Amino acid sequence: MHIPTLISHKRDGGELDPREIQQLIKGYTSGEVPDYQMSAFAMAVFFRGMTPVETAALTRAMMDSGDRFEHRAGHPPVVDKHSTGGIGDKVSLILAPLVACAGCWVPMVSGRGLGITGGTLDKLESIPGFRVRIELAEAADLLEKLGVVMMGQTDRFCPADKKLYSLRDVSGTVPSIPLITASIMSKKLSETLDRLVLDVKYGSGAFMRTKKDAEALAASMIAVGKEMDVEVHALLHPMSEPTGRAVGNALEVAEALECLDGGGPEDLRKVVLDLSETIAGVSREKLEALLDDGSARRKFDDLVAAQGGNPDDLPKLADIHKAPVIREVLAETTGKVSKVDAGLIGQAALQLGAGRAKATDGVDFAVGFDQLVKVGESVHAGRPMCRIHARNHVDFDMAEAMIEQAVGIDSH
Ligand code: URA
C-alpha cells in the first residue's frame, strides 16, 4: 500500500476501502507508518470527513490493534456508558456500581481529564491507594466477583487509539466527528458490550458547542454501534452549567458519595437515573431504591477495597485532600441565578490545578469548587454562591474573579 496515495485520495475527498484503513492503522500501530503521515491523514479526515462505512472500518481497525474483553459463556448483560465530557461530571462513579447492583456487568474503561473537562481516572485516584492500572485478566475476575471494574486504557487495549489520540492532541485534529467516533467507540466496543449509553454533552462546558454538532456525533456513534451489532442509546445533555455543585477531583468524589447514599444534588441524581435506565434492564424505581437503600454505596465501597483503596477513607476525603485556602464567594446582589457558565468554571478549576493542560501534567486532587449555586435558585447579597478550594491566596483571587464572571444574577 502506498501511503502518500492513500492520504491524497482522502485529501481530495475520496472514499477509502475498509482494507486500506485496516492496513493504515496496522502500519501505524507497528511503527511502519510514521507520525507525520498519520497526522497528514488525520488532517485530511478533519477536512473531508468519513462515510459511516469508513468510520466503522476505522473503529474496527483500532479495536483490532489490541486485546478485547472476552466474557465467559452465560455472562450477565454487559453494559457501559460513555460521556463526551463535561464540568462536574461525576456520573460514572455512581452509575457503574449502581448498574452492577441491578445485575449487569460494567467493565468501565475511562480516561483522564484533559483541558477543562475532568476525567474519571483522576477522580478515582484521589482515593488513596485506588489502582486504575488493571490488566484484562484481573478485570475479568472483578467482573465475576463484583460485576464492576473501573480502569484505565492499558498498553494492550486499543493501542492504535492511544497513539492516534496523542497525535491528534498536538496536530489540531481532535474535533473531527469520525475521529472522535472511532476513538471513543473502539475503546467502548473493545469492552465487548451488549448495551452502551452515550451521554453527549453540548454547550460552553463541552467538546461540542452546539446541539446540532452533538446530534451529529451521537448519530455517528449510533451508526457504528449498529454496524457492530451493539445496542447503542444516546442522550443529549446541555453542559451550560456544571453537573451538581462540586467541580474538582476529591470534591466530586465526595459529591458522588452523597448521591450513592441516596442524596446529592437533584440534577446529578436525575442524569444518573436517566442514563442508567437505558442500559440496566430494570425500572427507574428499582434503580432509585438501589441508591436509597445503600446497595449502590456498598458496591462502590467493595470496588474501592478490591482496587486497592480503603472504604474507611471515603468519609475522610475532605480532610485527606484539604486545600490550604478554603473560602466562600459571596453574592453582591440579591436575585435569581440566571447562569452558571460551565466553560468558565471549568477554566477556573483548570487554573486552580484540578485539571491538566497537557496529557503529561499532574492534577491537584484537593482544589476546585463546592456548594455552587444552581440556575433558578435565589441568592441573597452577602450570602455564599460557592466555596473555593485553592492552593494559595493568589489562586483564590483568580478563581473568585472568574466565579463572579461565571455566575449571573437577575436582581428583583
Ligand atoms: N475522548 C476520546 O476518547 N477520544 C476522542 O477523540 C475524544 C474524546
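# Exercises: salt bridges and a helix crossing

The structure holds 30 salt bridges (a side-chain nitrogen of Lys or Arg within 4 Å of a carboxyl oxygen of Asp or Glu). This is a predicted model: local features need pLDDT of at least 70, side-chain atom pairs count only at pLDDT 80 or more, and totals for chains, interfaces and linings use all residues. Residues are numbered from 1 along each chain as its sequence is written, and side-chain values use heavy atoms, with hydrogens and water left out.

## Exercise 1

Solution. 

Step 1. Find the elements. D80 sits in strand β1 (residues 79-83) and K188 in helix α9 (residues 177-189), so the bridge ties together parts 108 residues apart in sequence. Helices (H or I, at least four residues) and strands (E, at least two) are DSSP runs, numbered from the N terminus.

Step 2. Check the burial. Buried means under 20% relative accessible area, exposed over 50%, partly exposed in between (1.4 Å probe, protein chains only).

## Exercise 2

Task: trace the salt-bridge network that holds R112, D122, E125 and R356.

Solution. 

Step 1. Start at R112. Its salt bridge with E125 has its closest N and O atoms 3.0 Å apart. R112 lies in the loop between β2 (106-110) and α6 (120-125), and E125 in helix α6, so the pair joins parts 13 residues apart in sequence.

Step 2. R112 is partly exposed at 38%. E125 is partly exposed at 27%.

Step 3. Go to D122. The side chains of D122 and R356 form a salt bridge at 2.8 Å, N to O. This pair links distant parts of the chain: D122 is in helix α6, R356 in the loop between α16 (342-352) and β8 (368-370), 234 residues apart.

Step 4. D122 is buried at 2%. R356 is buried at 5%.

Step 5. Join the pieces. R112, D122, E125 and R356 are linked in a network of salt bridges.

## Exercise 3

Task: describe how helix α5 meets helix α13, and which residues make the contact.

Solution. 

Step 1. Recall the method. Two packed helices are described by the angle between their axes and the distance between the axes.

Step 2. Read the geometry. The axes of α5 (residues 91-101) and α13 (residues 284-292) come within 10 Å and cross at roughly 110°. Axes are lines fitted to C-alpha atoms, for helices over the stretch in contact, and angles run from 0 to 180 degrees between N-to-C directions.

Step 3. Name the arrangement. That angle makes α5 roughly perpendicular to α13 (under 35 degrees is roughly parallel, over 145 roughly antiparallel, 65 to 115 roughly perpendicular and the rest oblique).

Step 4. List the contact (heavy atoms within 4.5 Å). I94, L98 and C101 of α5 meet L287, L290 and L291 of α13.

Step 5. Look at α5 as a whole. Of its 11 residues, 10 are buried, and α5 is mostly covered. Among the buried residues are I94 and L98. After α5 comes G103, whose phi is positive, near 100°.

## Exercise 4

Task: which residues does E54 contact beyond its neighbours within four places in sequence?

Solution. 

Step 1. Locate E54. It lies in helix α4 (residues 52-64).

Step 2. Check the burial. E54 is buried, at 1%.

Step 3. List the contacts. With those neighbours left aside, E54 is in contact with K10, G14, E15, L16, I21 and G49.
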